[in-house]
Amino acid sequence: MEIWRLPISASQRGKLISAGYTSLSSLSSISSSDLARELKVSESEAMNILKVASHSRGSETSNASCSIVEGAQSAWDMLHDEESLMHITTSSADLDNILGGGIHCKEVTEIGWSSLSLIVNSVLKYKLTTAFGSESIIFMLIGGVPGIGKTQLGIQVAVNVQIPNDFGGLGGKAIYIACIEDMSEYNRFLRKDFQECKIKMLPQDILENIFYFRICSYTEQIALINYLDKFLSEHKDVKVIVVDSVTFHFRQDFDDMALRTRVLSGMALKLMNLAKRFSLAVVLLNQVTTKHTEASFQLALALASAAYSVTARGIRNSSSSCKRIKMM
Amino acid sequence: MARLANLETEYPVLDSTVRNFCASHGIFSVEDFLIHDLYMLAAFAEQNNSSERLKEGIAQVLSVIDDMHQPWLNGMELLEDAKRNKHVFPTGIQGIDLLLGGGIRVGQLTELVGPSSSGKTQVCLRTASNVARNHMVLYLDTGNSFSPQRIAYFLGKTINPSSAQAKNQFLQKVMSNISCHSVFDIFAMFDVLHQLESYLRCQDGRGGCQMRLLIVDSISSLISPVLGSSSTQGRALMTSAGYLLKKLAHQHNLAVLIINHTVGGEGGYSKPALGDSWKCIPHSRLFLSCDRGSNNYNVSILRHPSMASGKAARFVI
């Protein structure tokens, strides 16, 4: 039943099966007008179906001899590519150390921040991370209690990505997707600039290079992530995407848990795809919640059990002046 | 399973009279043939005018069906195949190799389950670097978690090179055996597996360095977005993905390693994701977990064809 594997809509699939077309080979020798007549669909739909079917059939026969599958890269080539990857600094030397130089492009990073210092042994976790060397962190997800400073980090990254190449930065633009209404963020953007006194950039230029999207519901969030593909093809100099509170719209009043898991994991895969294809870094900000396990309360990133593909997660402790990071 | 109309070019006996007769009983393809009562059909054919021709047509379709099933094998042939082809690949991690009695087995689908940061990708990278010394490896990556530096680190630990140049040459030779491909949705994975199937069919004929390990990291992130909605397509995709992987493993002598994550279960314990329908698809399932704050990992057997489930071991990466 190879028709199952074609990316076509359920109604088209149903029509194909009831007309007797259950395998790809049965679609090989029919013209689009005949198919349109048999399935009682429009000719353009039939042509679409045939195109999809011949594409998946064609991928079987056209097999390059040098690579096993199209688009695969050998590990040796990837090793050399990675050495030329740039980092985006977070303006905090310790955080940069833990992340192996900063936030990497082609990756999505998650960090969590909290104000309770229940979690211990951040030092050991730090050792673990350095033992991995320059571990490529893919998804950066930053979680924390609102107001602790995660937005600060998001904004700092959006500004730092614009540091020109001469000063060791990426010289790129940023996309900032915000779910929380906070007009004072604009002031913060301006204030950040004055710390970079070596770089002669005006505040207006910095703000111009940040594309700001505001979303009000989860459907807007999904639509925006789908739209980013087209946006990024037009704006190739975007180097980082910061999403403020990726899970904000999913926490309150969301009834269907299974739908939530599906949507979040699908969204994570799409962001991962964007990160890889356009070589950019993705930073997600999240909130923490307490998880009741074995009669103790532990901090966990919100919706962490909806385990969407995150490679590096960290929870940041701050107790008065001392700030620690724990990577999970 | 072709439509009867398409078969006419190959088997001229299936002409329009036969097809019209079949269509009058709602049979349009070979598949429909299988789900119909053949005795009734033959009885109707008797009563028809051109009964000889119809019976020939029916016999032809039945012989087409006969050609389609896998050949029968007896126990001795299976044993021969197992001894000759179905080797065991050590993962390079002592604890896991001891637990599994050598390592992961060719021809079987091995699943690594565990919560996040429990070492699943690390085990896969370690196994890939070990197997790549002599065979080719394909790593399907859904979360950009493939790390060539880590592979280089594992390989560097195991050799004692005389010079930097010798080490470089060794790294190049081994790492060129590992191919990494990113897939971000399940249809892309099916595409890749089909390409792989045709590659393996050509490979079986010639010698040289052959592909022996396929890693999918992680299959749960590909299946979760399609599973559970109101249509049943998600579950069908999941089961057909599982069977395709097992078929590749057995027919082309691959070891297949896949990664699954966990979800919350009864009483706060985590259980493997993808539900009960997936539970019986992999041949062996290993549950990994990490001791908080240290480099020690635990692995326990959830399911294995030849080991008792519940056996556990510790290992360090």
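Which residues in α8(B) meet which residues in α9(B)? In this predicted model, the α8(B) side of the contact is formed by B:Q122, B:L125, B:R126, B:A128 and B:S129. Facing them in α9(B) are B:R150, B:I151, B:F154, B:L155 and B:T158. Sorted by class, the contact between the two helices brings together 5 nonpolar, 3 polar and 2 charged residues.

Helix α8 of chain B spans residues 120-131, and helix α9 of chain B spans residues 148-158. Their axes come within 9 Å of each other and cross at roughly 55°. The crossing of α8(B) past α9(B) is right-handed.

Stepping back to the whole chain, chain B is divided into two parts: domain 1 covers residues 4-68, and domain 2 covers residues 80-316. The C-alpha centres of these two domains of chain B are 45 Å apart.

The mean pLDDT of chain B is 85, and 98% of its residues score at least 70. Within chain B, confidence is lowest in helix α1 (residues 4-7), where the mean is 70. At the other end of the scale, strand β7 (residues 255-260) of chain B has the highest value, at 94. For the complex, the predictor reports an ipTM of 0.71 together with a pTM of 0.75.

Notes: Residues are numbered from 1 along each chain as its sequence is written. Chains are lettered from A and ligands numbered from 1 in the order in which they are written. This is a predicted model: local features need pLDDT of at least 70, side-chain atom pairs count only at pLDDT 80 or more; totals for chains, interfaces and linings use all residues. Side-chain values use heavy atoms; hydrogens and water are left out. Domain bounds come from an automatic or database domain assignment. pLDDT is the predictor's confidence in each residue, from 0 to 100. Helices (H or I, at least four residues) and strands (E, at least two) are DSSP runs, numbered from the N terminus. Axes are lines fitted to C-alpha atoms, for helices over the stretch in contact, and angles run from 0 to 180 degrees between N-to-C directions. A crossing is left-handed if the near helix is turned anticlockwise from the far one by less than a right angle, and right-handed if clockwise. Contact means heavy atoms within 4.5 Å. Ala, Val, Leu, Ile, Met, Phe, Trp, Tyr, Cys and Pro count as nonpolar, Asp, Glu, Lys and Arg as charged, and the others, Gly among them, as polar.
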